[in-house]
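Biologist: I have the chain open beside me. Could we go through some of its helices together?

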Amino acid sequence: MPENHYDQASRFAARLDAAAFLAWLLNLPTAAFGFRGWLDTRGVPFPGAPDRTSDTVAHLTRADEAGVPWLVAIEFQMKPDPEMFGRLLGYLSELWMERKPDVERGSRFHLGAAVVNLTGNGLASRAMNWPAAGLLTQLAVAERNLASESAADLLAGIESGRWSRALLPWAPLMAGGDQPDLIDRWKALAEAEPNTRRKSEFGGLALVFAEKTNGRDTWQRKLEGWNVEESALVNSWIARGKEIGKEIGKEIGSVEEARRTVLRLGAKRFGGATPTVGMAIQTMSDHGRLERIIDRIFDAASWDDLLTTE
């Protein structure tokens, strides 16, 4: 996923309470592992992405195996990448070759990967098995699709003490995260945070993530007056999120208008669109393609000709 302010905000949120975030991400009790820190991987860029000043690769030790060292590469995606499996394989191999837990000869990390999809549903895991040939290539990824997670369950876990308040910023991206009563519960939990800067970061990050959801207006209204001034960095993300929200809104409006134009002019030229044609047009999101279709309407012989030869 290209470096952008949502990616940066995700990395920032993961670091609010790293051990608590990792426990939630991997569905483990915090006693099951030791968090040794985030690995500096400036020399091992993620395939297809620019160099990063600091990557999200966690150095963990297993409590039940005498401290066996693990590296867990964590990737945040705005939407699922169908090539994530291959990219993770390449990245993990580079980490295995380039990083060692100590100076002892032959010492190597155990490797794992986790993916957080901010929107959509991904499937980065793969198992390619040819038993007769003795071949097996497998990568099991701990993957969280936030759109399929329950915001209510997250808050219940925080209220019960199972999860940390540091997970609050992710709630707007989860199912039910736009409900006014849930946001009120969210605010009560956030208000209980004694660290004013941290509380400010909770609110700021929630507003950043809410920009990518249908609930952004509700979150903005509910958090009106919320003090987010403690973090200039988070404030810069909020401002950029609002800009992107406006850009997306304009683009969506432009695409919808182009779809209506295709259907309106096409109906005059070929008669009303069939359900199949109508669905094909309604699912088009490339404004440039829609414009090219509009330009060809009076040259094409039929709906099929218009859509298949464009």
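Biologist: Which residues of helix α10 are buried?
Modeller: In helix α10, which spans residues 287-296, the buried residues are His-287, Leu-290 and Ile-293. Buried means under 20% relative accessible area, exposed over 50% and partly exposed in between, with a 1.4 Å probe and protein chains only. Helices are DSSP runs of H or I with at least four residues, strands are runs of E with at least two, and both are numbered from the N terminus.

Biologist: Why are they on the same side of α10?
Modeller: They cover an arc of only 115° around the axis, which puts them on the same side of α10. The arc is that of the directions from the helix axis to the C-beta atoms. An α-helix has 3.6 residues a turn, so residues three or four places apart point the same way.

Biologist: What should I know about the model itself?
Modeller: It is a predicted model, in which local features need pLDDT of at least 70 and side-chain atom pairs count only at pLDDT 80 or more, while totals for chains, interfaces and linings use all residues. Residues are numbered from 1 along each chain as its sequence is written, and side-chain values use heavy atoms, leaving out hydrogens and water.

Biologist: Turning to Arg-11, is it buried or exposed?
Modeller: Arg-11 is buried, at a relative accessible area of 6%. This residue belongs to helix α1, residues 5-15.

Biologist: With which side chain does the Arg-11 side chain make a polar contact?
Modeller: The partner is the side chain of Thr-56, at 2.6 Å. A polar contact is a pair of N or O atoms within 3.5 Å; within protein, one must be able to donate a hydrogen and the other to accept it, and residues adjacent in sequence count only if both atoms are side-chain atoms.

Biologist: And Leu-95, where is that found?
Modeller: Leu-95 is in helix α3, residues 84-98, and counts as buried at 1% relative accessibility.

Biologist: Which residues is Leu-95 in contact with, neighbours within four places in sequence aside?
Modeller: Those residues are Thr-41, Val-44, Val-57, Ala-73 and Leu-111, where contact means heavy atoms within 4.5 Å. As for Val-72, 23 residues from Leu-95 along the chain, the two C-alpha atoms are separated by 10.0 Å.

Biologist: Finally, how many helices and strands does the protein chain have?
Modeller: The protein chain has 11 helices and 7 strands. Of its 310 residues, 44% are buried.
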